[in-house]
Amino acid sequence: MTSSATSRTNLLGLPRPELETFVAELGSKPFRARQVMNWIYKRGEGSVVNMTDLAKDFRAQLTERAEIRTPEIVTVQRSADGTSKWMLRADSSQAFEMVFIPEKERGTLCISSQVGCVLDCSFCSTAQQGFNRNLTTAEIVGQVWLAKKELGFEAGGDRIVTNVVLMGMGEPLANFRNVVPAVRILMDDFGFDLSRRRVTLSTSGLVPQIYKLATETNVALAVSLHAPDDELRSELVPINRKHPIAELLEACWHYIDEQNGRSVTFEYVMLEGVNDSPAQARALGSLLKGHPAKVNLIPFNPFPGTRYKRSPLPVIQKFRDELIRRGVLATIRRTRGDDIDAACGQLAGRVIDRTTVRLGNKVFGLAQQ
Ligand code: SAH
């Protein structure tokens, strides 16, 4: 593995058909692509030279033309609750973040799709840094590969990363061109082999792209709704002015029909006195009742300079109960990693020339490559 920018093709950016073409261009049979993928995604091999069952000539050609290059780790932070956050370097001036959340039955990796974000949602800290650039397919896939490298590639047969959510920095559907191939690699049997229910793409509601997504993949869909009416939603999620709630919900039901999916998860951040009243719960219930929908209530995670407050837990529970009474499935997301700013909406790839990360009084390790 090398971290220097070269003109060699990064294999992490190639879904199987593209890798087959690449291999064919080097004069090898397409099945070699599957062999290579097996090395990369199942065994976690980061160096072509070590792929010992490939013919020597082919290996030599691959070494010359291709590489397996992940983003570089700038810092790693570990939360008291076991959550880990990595700050990664995309190139000399950009940083973005990924978070791993271990639970009893599963391990969820939250990855970024862009450096920064254009959407400007009023309650999200990523919005404050503005937009930098799209991540490439290789940089998106590279996060999962790197996390598995750090955590263990199926050590002892157990999967450590069981779920991947595109809920880190950025709007995945605004980077459609790079995100869709990445999702394909995550779900390919010869790639990370994650089932469609274990890869979730979260969007703020780019309606045309949801229709397009339905023709290209069957990844699980999550939508950041956050309000039951257009007036409030436009204030919280400005893209709503372009694609209002009714249009967005139509697109969601279409996605489920097309993909024969189970349901769309609607994320709803709980902001005290803003969107958390029983009347708003009832309005939300009416919107979603009878549709393939689940609601995930996210306690707001504060960040410096925000004007919002988290709704108290009893208010969140009442909101949930109101939804359930109206026949809409609803759960409350457990807040994880907030002591290291790794919780939803707290990801902001700050300046990267920092060499240490302070957690309380402790200085945590820097994994500079
Ligand atoms: N751009 C995508 C994915 C990134 S955010 C989207 O909008 O869906 C992942 C989730 O965290 C979204 O539902 C987002 O609205 C929510 N979120 C953002 N800021 C938050 C905050 N400060 N506290 C809690 N959740 C937040």
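Let's start with R197. In this predicted model, R197 counts as exposed because its relative accessibility is 56%, and exposed means over 50%. Where does R197 sit? It is found in the loop between α5, residues 176-187, and β10, residues 199-203.

Look at its backbone. Phi of D193 is near 60°, a positive value in a residue other than glycine. Is D193 buried, partly exposed or exposed? At a relative accessible area of 31%, D193 is partly exposed.

Now another aspartate with a positive phi. For D120, phi is near 65°, again in a residue other than glycine. Find D120 in the loop between β7, residues 114-116, and β8, residues 131-134. D120 has a relative accessible area of 49%, so it counts as partly exposed. The cut-off for exposed is over 50%.

Last stop, R333. This arginine lies in the loop between β14, residues 329-332, and β15, residues 357-359. Buried or exposed? R333 counts as buried, because its relative accessibility is 17% and buried means under 20%. What does the R333 side chain contact? It makes a polar contact with the side chain of E267, at 3.4 Å.

R197 is exposed, at 56%. R333 is buried, at 17%.

Note on methods. Residues numbered from 1 in each chain as written. Predicted model: local features only at pLDDT ≥ 70, side-chain atom pairs only at ≥ 80, totals over all residues. Heavy atoms only, no water. Helix = DSSP H or I, 4+ residues; strand = E, 2+ residues; numbered from the N terminus. Buried < 20%, exposed > 50% of the residue type's maximum accessible area, 1.4 Å probe, protein only. Polar contact = N/O pair within 3.5 Å; in protein donor to acceptor, adjacent residues only side chain to side chain.
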